[in-house]
Amino acid sequence: RPPVSKSSPSPTTTTRSTSSHPTAMHNYRNYSKTSRTPRRPFEKERIDAELELVGKFGLKNKREVWRVEKVLSKLRSLARDLLTLDEADSRRVFEGQALIRRLTRLGLLGETTQGLDYVLSLKVADFLERRLQTQVFRLGLAKSIHHARVLIRQRHIRVGKQMVNVPSFMVRTESQGHIDFALTSPFGGGRPGRVKRRSLKNKKSKAADAAEDDE
């Protein structure tokens, strides 16, 4: 019987390749962060300002404020970068006009504020004013800013012909006049709700019972 070397594998030992195993394959997907937490989490002035925005615009949490702050930070960074270029530079002309058109379409810039300097003066409240939740409340379709969020989440609001159930939907200027109740909503002439149908059914049954008693 020849001696068995310790370095050589045993005849009964089987090696497995993890790369060919079906459970070793994963479907990885990268997601970029949509918000950025503050550097100083316990700064009183910032906390008070965020709470005021959350209450005024009926936000779910502070993360919605942080998400707008990140978007605003990117826009300011882009505008600041373009302002360092010469006015006749092709990149500044092309990207600057595209940025201004985009913000004007969203209602963040007016006809008299068509410039990169005005992009730097935008605030978080300007973005929150263009949310669908705020616009529904401003148009008088909801009793309060919180009621507006409930109506949107329960699929009662449409923008044009499209039903929208996202409170943070950014309303464009051309779509602002087309915000109304959905056609399938009870508020828009659609089928009555569950509670309303139940009450009507109970009234009919009571009326039928009363008619039988009279007979």
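Student: Okay, which element gives the largest share of the lining of the second largest pocket?

Tutor: Before anything else, please keep in mind that this is a predicted model. The largest share of that lining comes from α2, which supplies five residues. The elements that give two or more residues to the lining of the second largest pocket are α2 and α3, the latter spanning 90-105.

Student: And which residues line the second largest pocket?

Tutor: The lining is made up of E64, R67, V68, V71, L75, R102, L103, L106, F127, R131, S168 and M170. Sorted by class, this lining has seven nonpolar residues, one polar residue and four charged ones, and the pocket itself has a volume of about 210 Å³.

Student: What about the largest pocket, how much space lies in there?

Tutor: About 260 Å³ of space lies in the largest pocket. Its lining consists of R36, T37, P38, R39, R46, W66, E69, K70 and S73, and these divide into five charged, two polar and two nonpolar residues.

Student: Which helix gives the most to that lining?

Tutor: That is helix α2, residues 62-83, which contributes four residues to the lining of the largest pocket.

Student: Switching topic: how many salt bridges does the structure hold?

Tutor: The structure holds ten salt bridges.

Student: Where do E50 and R46 lie?

Tutor: Both lie in helix α1, residues 44-57, where they are four residues apart, or about one turn of the helix.

Student: Are those two buried or exposed?

Tutor: Both E50 and R46 are buried. For E50 the relative accessibility is 2%, and therefore E50 counts as buried, the cut-off for that word being under 20%.

Student: Why does K62 count as partly exposed?

Tutor: K62 counts as partly exposed because its relative accessibility is 23%, and that term covers values between the 20% limit for buried and the 50% limit for exposed.

Student: Now R149, where is that found?

Tutor: R149 is found in helix α7, residues 145-153. Its relative accessibility is 19%, so R149 counts as buried.

Student: What does the side chain of R149 make a polar contact with?

Tutor: It makes one with the side chain of E64, at 3.2 Å, and E64 is among the residues that line the second largest pocket. Leaving aside neighbours within four places in sequence, R149 is in contact with G58, L59, K60, E64, R131, Q133 and P167.

Student: Last one: what does R172 form a salt bridge with?

Tutor: R172 forms a salt bridge with E174, and the closest N and O atoms are 4.0 Å apart. R172 counts as partly exposed because its relative accessibility is 41%, and E174 counts as partly exposed at 43%.

Terms used. Residues numbered from 1 in each chain as written. Predicted model: local features only at pLDDT ≥ 70, side-chain atom pairs only at ≥ 80, totals over all residues. Heavy atoms only, no water. 1 Å grid on protein atoms, 1.4 Å probe; cavity = no way out; pocket = protein on both sides within 12 Å on 5 of 7 lines; lining within 4 Å. Points joined across faces, edges and corners; volume = space filled by probe spheres on them. Nonpolar A, V, L, I, M, F, W, Y, C, P; charged D, E, K, R; others polar. Buried < 20%, exposed > 50% of the residue type's maximum accessible area, 1.4 Å probe, protein only. Polar contact = N/O pair within 3.5 Å; in protein donor to acceptor, adjacent residues only side chain to side chain. Contact = heavy atoms within 4.5 Å. Salt bridge = Lys/Arg side-chain N within 4 Å of Asp/Glu carboxyl O.
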